[in-house]
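Q: I should like to learn how to read the features of a structural model. Please take me through this one.

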Amino acid sequence: MMNRFWRNYITSGISLPGESPDVVRVAFINSFSILGIVTLLTFGLTNIVGEQNFVTGLVEIGFGVLLILNLIVLRVMKLSWIPFASEIMTISIGFPLVVLLFTGGIEGTGIFWAFTFPVTVFLLEGKKKGAIWVSILCVLFLILTVGSHSGSFHLYYSDTEVRQLIFALLIVSGVIYFFENISEKKSIIIEKQQKNLIEINDLLSQKAESDRLAKEELEVKTSRLHEQTSTLKESQAAILNVVEDLDEEKAKLKQKEQELEEANTKLLELDKLKDEFVSIASHELRTPMGAIRAFASMILAGDYGKVSENLKEPLTDIKTSTERLVLLVNDLLSVARIEAGRMKFNLVDSDINTVIKNVTDSLVPLAKQKNLDLGFKMYEGKPILAQMDVDKVKQVLTNLIGNSLKFTDKGGITLNVQEVDGMIEVDVTDTGVGIAKEDQEKLFGKFQQANVSGDRPAGTGLGLYISREMIRKMGGDIRIKSAEIGKGSTFTFSLPLSDCSEAKAVKEAISKEAETHPDQK
Amino acid sequence: MHKILIVEDDEFYRKIYKKKFEVAGFEVDVAVNGEEGIAKMKSFMPDLVFMDLMMPKMDGFTAIDTAKADSTIKDIPIVVLTNLSTSDDAEKVKGSGAVDVIVKSNVDPQEVVDKAKEILQK
């Protein structure tokens with residue numbers, strides 16, 4: 001066990017942290033430190049026990065112990081925290097040399113130490129540091145031995161021999177230091193170059209790496225571009241298809257448009273023909289009807305000689321029937337024009353008071369025939385301008401008052417005018433039979449007549465329809481304001497006051513409509 | 001005795017108005033179209049003319065224009081007596097120089113006579 005430890009210790013050695021694990025070097029260092037320990041302890045004990053030199057003996061033992069501690073602490077325990085560890089060791093080994101040179105050791109073996117010391121130091125400190133250490137010790141020794149013959153120091157060996165040896169050592173150390181320094185510098189330069197080379201190599205490999213990455217990226221991008229290109233090509237093809245389709249659609253649409261235009265032209269022609277037909281038909285119808293009526297009237301009036309009593313009633317019936325027929329044809333003509341959008345409106349600013357007065361004046365004789373009052377009090381007593389087609393408004397008023405006269409047996413008809421929200425409102429109120437709630441809205445339809453008792457002259461059933469259409473075209477409206485069976489009724493129609501926005505809008509709409517029917521003079 | 005000229009292409013209306021005005025005590029002459037109407041206005045020299053609009057050869061509008069352009073007859077008042085086919089014709093009549101317009105089918109012949117008397121009194 002012990003043998004193995006020492007063999008192991010001496011051959012493989014225990015190196016200091018940072019030392020290269022050089023077996024030979026470590027073996028030398030350790031062997032000489034053990035030799036140093038043995039030598040120092042032996043000399044120290046000899047000096048103390050033999051009472052030759054007590055102080056020298058104590059110092060020798062002290063250095064021996066230091067060397068032991070050194071070995072234990074540095075070599076065995078590997079404690080790297082001790083500063084100047086190798087320096088302490090060098091001094092510990094170097095000191096016995098000086099001592100041996102003076103004392104000669106045991107029977108002159110001290111000179112052996114003089115050869116082993118530099119080797120140990122060189123091994124321990126390396127060539128350069130070792131050379132410095134050896135030189136320092138040599139110089140120290142030379143200083144100590146200057147004039148030693150006459151001084152207190154006495155050398156065991158011959159003064160000259162030792163001095164020659166020391167000089168030789170100093171020179172060898174100097175030479176070693178010199179070459180070592182050069183080689184160190186060289187190696188530093190080489191190291192630097194190597195380092196530079198490594199750095200350059202690193203940079204190059206980094207560059208190569210980044211180049212490689214860039215290339216890879218480029219490849220990825222290229223493939224992506226290829227993909228995108230093919231996608232784009234596909235899209236382009238799709239777009240071209242769509243464009244083709246669109247062109248086809250466009251052509252189809254154009255054809256359709258042309259067809260529609262032709263159809264429209266035909267329709268317009270037909271419409272015109274219809275309009276002309278209605279105009280001519282009504283004219284042609286009215287001419288003989290008017291003639292029949294005129295003949296009947298003249299016979300009744302006695303223009304052709306005395307009429308016997310029994311013929312008067314049938315002649316009157318002929319006249320009345322013909323009159324109704326004329327009214328019906330007139331109304332049908334109006335309806336046809338309204339529905340074709342060809343009724344012309346000549347909108348002017350007119351005084352509603354004057355218009356009403358004209359109509360009521362012309363109808364007063366008719367009211368008197370039935371013993372009815374027909375009253376109108378001018379609104380505000382001054383002209384109130386509203387936008388209207390005077391003839392159409394007169395037609396509406398005649399229709400409303402005519403209806404009231406027809407369905408009123410006692411009392412009378414009153415007209416009232418008021419302004420409401422930029423509109424003129426005209427009320428026609430009678431004390432007639434009134435209208436049932438369920439019939440009120442129906443009355444404005446075509447061919448609708450109130451279902452009332454009594455013997456009354458039949459109308460065409462178109463009057464209120466025509467009135468409503470005309471009033472609405474002029475921007476107003478017509479409605480039944482109030483009506484109750486047996487309590488009379490009030491019809492109200494409105495017209496826009498002059499220069500209000502409503503009036504302007506209506507005028508624009510009317511003129512626009514006229515533009516769309518340019519064939520209508 | 002006032003002289004009345006009836007310019008009318010319809011045979012029955014000519015008969016009606018001729019009879020009515022004669023009964024009412026007027027001297028009456030008739031023409032069947034605008035052209036004849038103008039000639040009769042010059043030869044007969046009526047106090048008042050009743051003029052139809054839709055007539056063959058020369059229509060009422062042309063006849064009125066012709067009459068108004070002729071200094072010998074331009075002062076004879078003309079009343080349009082028609083069955084208007086469209087409301088636009090009414091507008092046209094207003095600007096034609098006629099003193100009034102009567103829709104034949106809407107009035108009694110007596111009203112036409114009354115209208116003539118009213119105009120001639122002025």
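A: Helices (H or I, at least four residues) and strands (E, at least two) are DSSP runs, numbered from the N terminus. This is a predicted model, in which local features need pLDDT of at least 70 and side-chain atom pairs count only at pLDDT 80 or more, while totals for chains, interfaces and linings use all residues. Residues are numbered from 1 along each chain as its sequence is written, and chains are lettered from A and ligands numbered from 1 in the order in which they are written.

Q: Which residues other than glycine have a positive phi in chain B?

A: Most residues other than glycine have a negative phi, and most peptide bonds are trans. B:Met45 is not a glycine, yet its phi is positive, about 50°; B:Met45 sits in the loop between helix 2 (34-44) and strand 3 (48-51) of chain B. B:Lys57 likewise has a positive phi, near 65°, and lies in the loop between strand 3 and helix 3 (60-69) of chain B.

Q: Is B:Met45 buried or exposed, and why?

A: A residue is buried if 20 or more other C-beta atoms, placed from the backbone, lie within 10 Å of its own, exposed if 12 or fewer, and partly exposed in between. B:Met45 counts as exposed because it has 12 C-beta neighbours inside 10 Å. B:Lys57 is partly exposed, with 13 other C-beta atoms within 10 Å. In chain A, 27% of the 521 residues count as buried.

Q: How does one read the length and course of helix 8 of chain A?

A: The expected span of a helix is 1.5 Å times one less than its number of residues. The 18 residues of helix 8 of chain A should therefore span 26 Å, and the end C-alpha atoms are 26 Å apart, which agrees. Helix 8 of chain A also has a kink of about 40° at A:Leu363, shortly before the proline A:Pro365; the bend at a residue is the angle between axes fitted to the seven residues ending there and the seven starting there.

Q: Which residues of helix 8 of chain A are buried?

A: They are A:Ile352, A:Asn353, A:Ile356 and A:Val359. These buried residues pack against several elements of chain A, including strand 1 (348-351), strand 2 (373-376) and helix 9. Two residues are in contact if their C-beta atoms, placed from the backbone, lie within 7 Å.

Q: At what angle do helix 8 and helix 9 of chain A cross?

A: Two packed helices are described by the angle between their axes and the distance between the axes. The axes of helix 8 (residues 352-369) and helix 9 of chain A come within 10 Å and cross at roughly 35°. Axes are lines fitted to C-alpha atoms, for helices over the stretch in contact, and angles run from 0 to 180 degrees between N-to-C directions.
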